[in-house]
Amino acid sequence: MNLVVLKGRLARAPEVRTTGSGKSVVDFTIACDAGKDRQADFISCTAWDKTAELIGKWFPKGKEILLTGSVKVSRYETESGTRYKTYVLASRIEFCGGKETKASEAPDGIEEYTPLDDSELPF
């Protein structure tokens with residue numbers, strides 16, 4: 001079974017891109033608490049389609065997130081040889097913490113957030 005569950009904070013603002021075929025994709029990094037006397041672990045993640053769009057809209061830098069997914073390894077060739085990239089392919093995301101988001105956490109172009117009403121959420 002290949003199942004990953006992560007809880008952490010986005011280490012940088014996610015940037016959603018659109019592929020040539022019109023699919024949304026976002027690469028992002030989650031900083032997960034590694035415990036007392038240890039630095040955080042920074043985990044590379046990728047999400048596609050609606051999940052990517054939700055992350056881009058609702059999860060600015062520093063926002064806490066809970067996700068489930070699977071570990072993927074991609075292989076590619078460079079001039080210096082074969083390279084591998086290991087990442088988590090996010091299949092499901094959830095909000096963590098309170099409903100309020102601080103204005104300092106707002107994505108670029110948004111003045112401030114107001115408390116969210118559950119009826120406003122897209123899922």
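A residue counts as buried when its relative accessible area is under 20%, as exposed when over 50%, and as partly exposed in between (1.4 Å probe, protein chains only). By that rule Val-5 is exposed, at 53% relative accessibility. The structure is a predicted model, in which local features need pLDDT of at least 70, side-chain atom pairs count only at pLDDT 80 or more, and totals for chains, interfaces and linings use all residues. Residues are numbered from 1 along each chain as its sequence is written, and side-chain values use heavy atoms, with hydrogens and water left out.

**Overall build**
- The protein has six strands and one helix, where helices (H or I, at least four residues) and strands (E, at least two) are DSSP runs numbered from the N terminus.
- Read from the N terminus, the order of elements is β-β-β-β-α-β-β.
- The protein has 123 residues, and 32% of them count as buried.
- Among contacts (heavy atoms within 4.5 Å) with a separation of 6 or more, 55% join residues 24 or more positions apart.

**Surface**
- Met-1, Leu-3 and Val-5 make a nonpolar surface patch of about 410 Å².
- Such a patch takes residues with over 30% relative accessible area and no salt bridge, and joins nonpolar side chains (Val, Leu, Ile, Met, Phe, Trp, Tyr) within 5 Å; a salt bridge is a side-chain nitrogen of Lys or Arg within 4 Å of a carboxyl oxygen of Asp or Glu.
- Val-5 belongs to strand S1 (residues 4-10).

**Aromatic rings**
- Rings of Phe, Tyr and Trp (its six-membered ring) pair if their centres lie within 6.5 Å; planes under 30 degrees apart are stacked, over 60 edge-to-face and the rest tilted.
- The protein has two aromatic pairs.
- Trp-58 and Phe-95 are edge-to-face, with 6.4 Å between centres and 80° between planes.
- Trp-58 lies in helix H1 (residues 49-58) and Phe-95 in strand S6 (residues 81-95), so this pair ties together parts 37 residues apart in sequence.
- Phe-59 and Phe-95 are stacked, at 4.9 Å centre to centre and 20° between the planes.
- Phe-59 is in the loop between H1 and strand S5 (64-78), so its pair with Phe-95 ties together parts 36 residues apart in sequence.
- Trp-58 is buried at 11% relative accessible area, Phe-59 is buried at 1%, and Phe-95 is partly exposed at 25%.
- Ring pairs link Trp-58, Phe-59 and Phe-95 into a cluster.

Conventions: Patch = residues over 30% accessible without salt bridge, like charges linked within 9 Å, V, L, I, M, F, W, Y side chains within 5 Å. Areas by Shrake-Rupley, 256 points an atom, 1.4 Å probe, with all protein chains shown as cover.
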